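Please keep the model in view while reading.

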Amino acid sequence: MKKKWSDYLWIASLTYLILGFFNILFAWLGLICFIVPIVISLVTGSKAYCHTYCGRGQLFALLGRKFHLSGCRPAPAWLSSKGFRYGFLAFFMVMFGQMLFNTALVFKGARDLRQVVTLLWTFRLPWHQAYHITGLPLWVSQFAFGFYSVMLTSTILGLITMVLFKPRSWCVYCPMGTMTQMICKAKARD
């Protein structure tokens, strides 16, 4: 089977994580992973992004299948239940909102820039190596630290579920997948 360009998007996901370690401003590129799936689902009414263009899902599949890092066990039913998926989406949106709030505080000058990446919304890691004086407003960097935290945390959750279950088990409860599914269902009703 001939490979298509879209089969190599896992490289973009891996590159994103690496670049964010060295320069936090690359975290802004992660917005592509938020905007493109929504646009595709709004325009096509499909989850084409998830099935074809999601580099993170491809990365998990590659690590799990080719490098045999996956348990290859079916995910438990609760992980794909409507309650868990919507609950995780709500939790994710609250954490995303908190990140935007912290960015707004830096924008207003009410808080100093925090050069920290928060893993699993709990563990604060100093990330000084990735911050370089750029001449940009501090809120731009604060958003990048927060957004990279979200992206790194979700990648770690995906890796954990990949190791425990099938390679793309993250896709079952991915907040973007849940959101695009909601959009597709709403479009199908129109």
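The expected span of a helix is 1.5 Å times one less than its number of residues; helices (H or I, at least four residues) and strands (E, at least two) are DSSP runs, numbered from the N terminus. The model is predicted, so that local features need pLDDT of at least 70 and side-chain atom pairs count only at pLDDT 80 or more, while totals for chains, interfaces and linings use all residues. Residues are numbered from 1 along each chain as its sequence is written, and side-chain values use heavy atoms, without hydrogens and water.

Helix α5 comprises 27 residues (82-108) and should therefore span 39 Å; its end C-alpha atoms lie 38 Å apart, which agrees. Its buried residues (under 20% relative accessible area, 1.4 Å probe, protein chains only) include Arg 85, Phe 88, Leu 89, Phe 92, Met 95 and Phe 96. The cover over the buried residues of α5 includes α2 (32-44), α6 (138-164), α7 (170-173) and α8 (175-189). After α5 comes Gly 109, with a positive phi near 85°.

The protein as a whole contains 8 helices and 2 strands, in the order α-α-α-α-α-β-β-α-α-α from the N terminus. Of its 190 residues, 41% are buried. Among contacts (heavy atoms within 4.5 Å) between residues at least 6 apart in sequence, 80% join residues at least 24 apart.

For 190 residues, a compact globule would have a radius of gyration near 16 Å, and the protein has 17 Å, which agrees; the radius is taken over C-alpha atoms, and the globule rule is 2.2 Å times the number of residues to the power 0.38. Along the principal axes, the C-alpha atoms fill a box of roughly 50 × 40 × 30 Å.

Key. Buried means under 20% relative accessible area, exposed over 50%, partly exposed in between (1.4 Å probe, protein chains only).
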